[in-house]
Amino acid sequence: RRYAVFCRYAMRLTMSSPAGRVGNFLMRFILILALAVCVTLPVYAQEEWTWESYSQLLREHTRETEREGIPFVGVDYEAWANDPRYVGQMRTLHTSKAPDKAFPKEYLSYWLNMYNFLTIDLIIKQQEKESIQNLGSFFSTPWEKHKWKFRNTKLTLKTIEDKIASI
């Protein structure tokens, strides 16, 4: 019940706020995080695949906070970066197989978790403290510029957003 209220609030906040008020990144992150919380279904998994390490990282290295009167979930990036489960989860992600689109709930859950994990990975690797938007360039946004290789495919945060939007 508490999550449903949070999800409705987050959706209303991200859909009704002008982009300049909250900031494009903060809006996207709140929306993606809210959707990930709302999707409380079992995650599609290969036999050895699990999001358990990621769940533990979230429990231990995130907290509710507020900036300019807007509540959000903050990440302790330094603690996350020094946690050995972070490296292990990243290694596992490189060999993971996404669920088929024929299973839309599992597909959505997988890509929401992947998007959030890679966003945190990007911030840690680039050591950006102010805004993820600073990681872009004149020609491309940070969502298009930075790439990860998974199972012989290069992914960007933008390609993951497109996968989520295609459901």
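**Close-ups of a predicted model: helix packing and salt bridges**

**View 1. Glu 60 and Arg 85 pair up in a salt bridge.** In this predicted model, the side chains of these two residues meet with N and O 2.7 Å apart. Glu 60 belongs to helix α4 and Arg 85 to helix α6, so the pair ties together parts that sit 25 residues apart in sequence. It's one of five salt bridges in the structure.

**View 2. Arg 85 also forms a salt bridge with Asp 83.** Here the closest N and O atoms are 2.6 Å apart. How accessible are the two partners, Arg 85 and Asp 83? Arg 85 has 21% relative accessibility, so it counts as partly exposed. Asp 83, on the other hand, is buried, with a relative accessible area of 8%.

**View 3. Helices α4 and α6 cross with their axes within 9 Å.** A pair of packed helices is described by the distance between the axes and the angle between them. For α4 (residues 52-61) and α6 (residues 84-95), that angle is roughly 145 degrees. As for handedness, α4 goes past α6 in a left-handed crossing.

**View 4. Zooming in on the residues where α4 meets α6.** Which residues does each helix bring to the contact? From α4 come Ser 53, Tyr 54, Gln 56, Leu 57, Glu 60 and His 61. On the α6 side, they meet Arg 85, Tyr 86 and Gln 89. Sorted by type, the residues of this contact come out as three nonpolar, four polar and two charged. Glu 60 and Arg 85, both listed here, are the partners of the salt bridge in View 1.

View 5. Elsewhere, salt bridges with shared partners link Glu 60, Asp 83 and Arg 85 into one network.

Technical notes: Residues are numbered from 1 along each chain as its sequence is written. This is a predicted model: local features need pLDDT of at least 70, side-chain atom pairs count only at pLDDT 80 or more; totals for chains, interfaces and linings use all residues. Side-chain values use heavy atoms; hydrogens and water are left out. Axes are lines fitted to C-alpha atoms, for helices over the stretch in contact, and angles run from 0 to 180 degrees between N-to-C directions. Helices (H or I, at least four residues) and strands (E, at least two) are DSSP runs, numbered from the N terminus. A crossing is left-handed if the near helix is turned anticlockwise from the far one by less than a right angle, and right-handed if clockwise. Contact means heavy atoms within 4.5 Å. Ala, Val, Leu, Ile, Met, Phe, Trp, Tyr, Cys and Pro count as nonpolar, Asp, Glu, Lys and Arg as charged, and the others, Gly among them, as polar. A salt bridge is a side-chain nitrogen of Lys or Arg within 4 Å of a carboxyl oxygen of Asp or Glu. Buried means under 20% relative accessible area, exposed over 50%, partly exposed in between (1.4 Å probe, protein chains only).
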